[in-house]
Amino acid sequence: MSGATRPQGRIGAALVGLSFTGGAVEAVCFLGLFQTFTTFITGTTVFLSIELLAPQGQYVTKLVVIVSFLVFTVFWIALIRRLRRRRRRLRAILSAVQGALLLVFMAVAVTLAPLPSADAP
């Protein structure tokens, strides 16, 4: 590619860091959530389709992940649009909200762990 430019400096380092973090989160979630992807929703959709065709009793987790993905996508889009209209510091606010949500979800996971199966209450 002759027209492609390579990210440099802080942006390049941030992209590498975000890519590593996304991959690490995906690996942990896939291994810990009974073969359920969280950031690559296509994989979860494929596994859900397989589960619906050949039921093994683990479809509830995959449905929850897909519905949560859709709900939080709408949430983030609405939040970003609202903050842009008010000309707030987007990056700092979004990072704080995401960090708070991750802490809440981590606390819930630690409280409920270990789960015997993907569909355990």
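The model is predicted, so local features are reported only at a pLDDT of at least 70 and side-chain atom pairs only at pLDDT 80 or more, while totals for chains, interfaces and linings use all residues. Residues are numbered from 1 along each chain as its sequence is written, and side-chain values use heavy atoms, with hydrogens and water left out. The predictor's confidence in each residue is given as pLDDT, from 0 to 100. For the protein, the mean pLDDT is 75, and 78% of the residues reach 70 or more. Helix H3 has the highest confidence, with a mean of 82, and helix H1 (residues 9-32) the lowest, with a mean of 74.

The protein contains four helices and zero strands, and its elements run α-α-α-α from the N terminus on. Helices (H or I, at least four residues) and strands (E, at least two) are taken as DSSP runs and numbered from the N terminus. Contacts are defined by heavy atoms within 4.5 Å; of those in the protein with a separation of 6 or more, 39% involve residues 24 or more positions apart. The accessible surface of the protein, calculated by the Shrake-Rupley method with a 1.4 Å probe (for residues, only the protein chains shown count as cover), comes to about 9600 Å², of which carbon and sulfur atoms supply 70%. Residues are called buried under 20% relative accessible area, exposed over 50%, and partly exposed in between (1.4 Å probe, protein chains only). By this scheme, 15% of the 121 residues count as buried.

A pair of aromatic rings is described by the distance of the centres and the angle of the planes. Rings of Phe, Tyr and Trp (its six-membered ring) are paired if their centres lie within 6.5 Å; planes under 30 degrees apart count as stacked, over 60 as edge-to-face and the rest as tilted. The structure holds three aromatic pairs. In one of them, the ring centres of Phe 72 and Phe 75 are 6.0 Å apart and the planes stand at 80°, so this pair is edge-to-face. Phe 72 and Phe 75 are three residues apart in helix H3 (residues 59-86), which means about one helical turn separates them. Phe 72 is partly exposed, because its relative accessibility is 29%, and Phe 75 is likewise partly exposed, at 36%.

Phe 72 also forms an edge-to-face pair with Phe 105, with 6.1 Å from centre to centre and 90° between the planes. Because Phe 72 lies in helix H3 and Phe 105 in helix H4 (residues 90-112), this pair ties together parts that are 33 residues apart in sequence. Phe 105 has a relative accessible area of 45% and is therefore partly exposed. Through ring pairs, Phe 72, Phe 75, Trp 76 and Phe 105 are linked into a cluster.

The surface carries a nonpolar patch of about 440 Å², made by Leu 52, Tyr 59, Val 60, Leu 63 and Val 64. Patches are made of residues with over 30% relative accessible area and no salt bridge, joining like charges within 9 Å and nonpolar side chains (Val, Leu, Ile, Met, Phe, Trp, Tyr) within 5 Å; a salt bridge is a side-chain nitrogen of Lys or Arg within 4 Å of a carboxyl oxygen of Asp or Glu. H3 provides the largest share of the nonpolar patch, four residues. Val 64 lies in helix H3 and is partly exposed, at 46% relative accessibility.

Two further residues round out the picture. Gly 43, in helix H2 (residues 41-53), is buried, with a relative accessible area of 18%. Its C-alpha atom is separated by 10.0 Å from that of Lys 62, 19 residues apart along the chain. Arg 91, in helix H4, is exposed, with a relative accessible area of 72%. Arg 91 and Ile 80 are eleven residues apart in sequence, and their C-alpha atoms are 9.7 Å apart in space.
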